[in-house]
Amino acid sequence: MNDTEFASHEWWENYKETVNSDPEMQVRGHDKFSDNFYVEIGEERFLIQMQNGTVQEILPNPALNNRWSFGVEGDREAWEEFVQETPPAFNHEIVASHYRSAVRNEDGHLMMRGDNKKIFQNLRPFQRALDLMRVANNNGGS
């Protein structure tokens, strides 16, 4: 487990470095993944600004003028499960977690929001960016 608190400024800086140095993300996102997305953890929202598969900036509490195409929302407990080195079933992967929330109406899972077309146009690099939260949280383990 990482020594920094999940979703703290230091944690997000580590996440940014993890994404920007990931060889798989360079393949999945290169020249393609340039849509901003947000991550909502309980009451906190963070805007992840992506350009060609790299994180340009992470803004806490984005303002009205900031733009994004889609995002993921969930309570802090669901996110803490998601970033565990070995997450529990249905919080191990964003589509499975979303299915539990949107289709089965179960609590405690993450839910994608926003432009569905943009989500699925960017699904592979978006999933990789989310999975790298787990890598960042576990000092390189996944």
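**Exercise 1. Find the backbone oxygen that the side chain of Arg 134 reaches, and decide whether Arg 134 is buried or exposed.**

Step 1: The side chain of Arg 134 reaches the backbone oxygen of Phe 82 at 2.9 Å. A polar contact is a pair of N or O atoms within 3.5 Å; within protein, one must be able to donate a hydrogen and the other to accept it, and residues adjacent in sequence count only if both atoms are side-chain atoms.

Step 2: Now place the residue: Arg 134 sits in helix α6 (residues 123-137). Helices (H or I, at least four residues) and strands (E, at least two) are DSSP runs, numbered from the N terminus.

Step 3: With a relative accessible area of 8%, Arg 134 is buried. Buried means under 20% relative accessible area, exposed over 50%, and partly exposed in between (1.4 Å probe, protein chains only).

A note before you go on: this is a predicted model, in which local features need pLDDT of at least 70 and side-chain atom pairs count only at pLDDT 80 or more, while totals for chains, interfaces and linings use all residues. Residues are numbered from 1 along each chain as its sequence is written, and side-chain values use heavy atoms, leaving out hydrogens and water.

**Exercise 2. Locate the partners in the salt bridge between Arg 128 and Asp 22, and classify each as buried or exposed.**

Step 1: The side chains of Arg 128 and Asp 22 form a salt bridge at 2.9 Å, N to O (a side-chain nitrogen of Lys or Arg within 4 Å of a carboxyl oxygen of Asp or Glu).

Step 2: This pair links distant parts of the chain, 106 residues apart: Arg 128 is in helix α6, and Asp 22 is in the loop between α1 (9-20) and α2 (23-29).

Step 3: Arg 128 is buried at a relative accessible area of 16%, and Asp 22 is buried at 9%.

**Exercise 3. Work through the salt bridge between Glu 73 and Arg 113.**

Step 1: The side chains of Glu 73 and Arg 113 meet at 3.2 Å, N to O.

Step 2: Glu 73 belongs to strand β4 (residues 70-74) and Arg 113 to strand β5, 40 residues apart.

Step 3: Glu 73 counts as buried at 17% relative accessibility, whereas Arg 113 is partly exposed at 38%.

Step 4: Elsewhere, salt bridges that share partners join Glu 5, Glu 44, Arg 76 and Glu 80 into one network.
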